[in-house]
Amino acid sequence: MKTIQSIFGLAFISLFTLASCASDDNTIIMDTTPDFSGTFAQQDQMGRPAVNTVFVSQASKDNFNVTIPSQQNAAFQSMFQTNLTGLSPAFANPGDQNALGQDAAAFTGLLATDVLNVSLDGTTTFFDGTNVLTGRALADDVITVELLLIFGGEDFTENPNLSDDHVDANDKPFLSSFPYLASPW
């Protein structure tokens, strides 16, 4: 059985060339004739970075990773809510809300359906000060936004020591054309 592993739920596959690293991490193998035959099994799911990592218990990871998004909320929302209320003082009391105006049940329902929403008629961003979870731009500070929504309370001011990863820029600038990401170190 062949497997596909997806990092952050996105797979970028070029129709012309697939590249992979050899086991010595110094050799790049180019294959211009990709083989898509066979049986594939999803190994990982991360529509929103870190959500699966933080809110899904180790014993449930495999099951979560193969559950289709339309069924994730029903299967995992209660686990997400238990973990959220155990982690975040911003959701310590019934009725506590985050900056989206969501209580623990509504917010974990959103998180448990692990897909990356995309606005087709507006700004595409994880958070730009106004728009929240309408997509993801490369420069969006996704982890800080997630920390703010989890720990920041109704106005992002609660728990300031937990609400920022303090990584405010990439180590290399983005490119102005595809593939947009800088070459690895």
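I looked up Ala104 first. Leaving aside neighbours within four places in sequence, Ala104 is in contact (heavy atoms within 4.5 Å) with Gln77, Gln81, Leu84, Thr85, Phe91 and Asp96. I note that this is a predicted model, where local features need pLDDT of at least 70, side-chain atom pairs count only at pLDDT 80 or more, and totals for chains, interfaces and linings use all residues. Residues are numbered from 1 along each chain as its sequence is written, and side-chain values use heavy atoms, with hydrogens and water left out.

I placed Ala104 in helix 4, residues 104-112; helices are DSSP runs of H or I with at least four residues, strands are runs of E with at least two, and both are numbered from the N terminus. Ala104 counts as buried because its relative accessibility is 10%; buried means under 20% relative accessible area, exposed over 50%, and partly exposed in between (1.4 Å probe, protein chains only). Between the C-alpha atoms of Ala104 and Ser88, 16 residues apart along the chain, I read 9.9 Å.

Next, Gln42. I found Gln42 in strand 4, residues 40-42. Gln42 is partly exposed, since its relative accessible area is 40%. Its C-alpha atom is separated by 6.2 Å from that of Val66, 24 residues apart along the chain.

Last, Tyr180. I found Tyr180 in the segment after helix 5 (142-151), partly exposed at a relative accessible area of 38%. Tyr180 forms a nonpolar surface patch with Leu138, Phe174, Phe178 and Leu181, with about 520 Å² of accessible area together. Patch residues have over 30% relative accessible area and no salt bridge, and nonpolar side chains (Val, Leu, Ile, Met, Phe, Trp, Tyr) are joined within 5 Å, like charges within 9 Å. A salt bridge is a side-chain nitrogen of Lys or Arg within 4 Å of a carboxyl oxygen of Asp or Glu. Accessible areas come from the Shrake-Rupley method with a 1.4 Å probe; for residues, only the protein chains shown count as cover.
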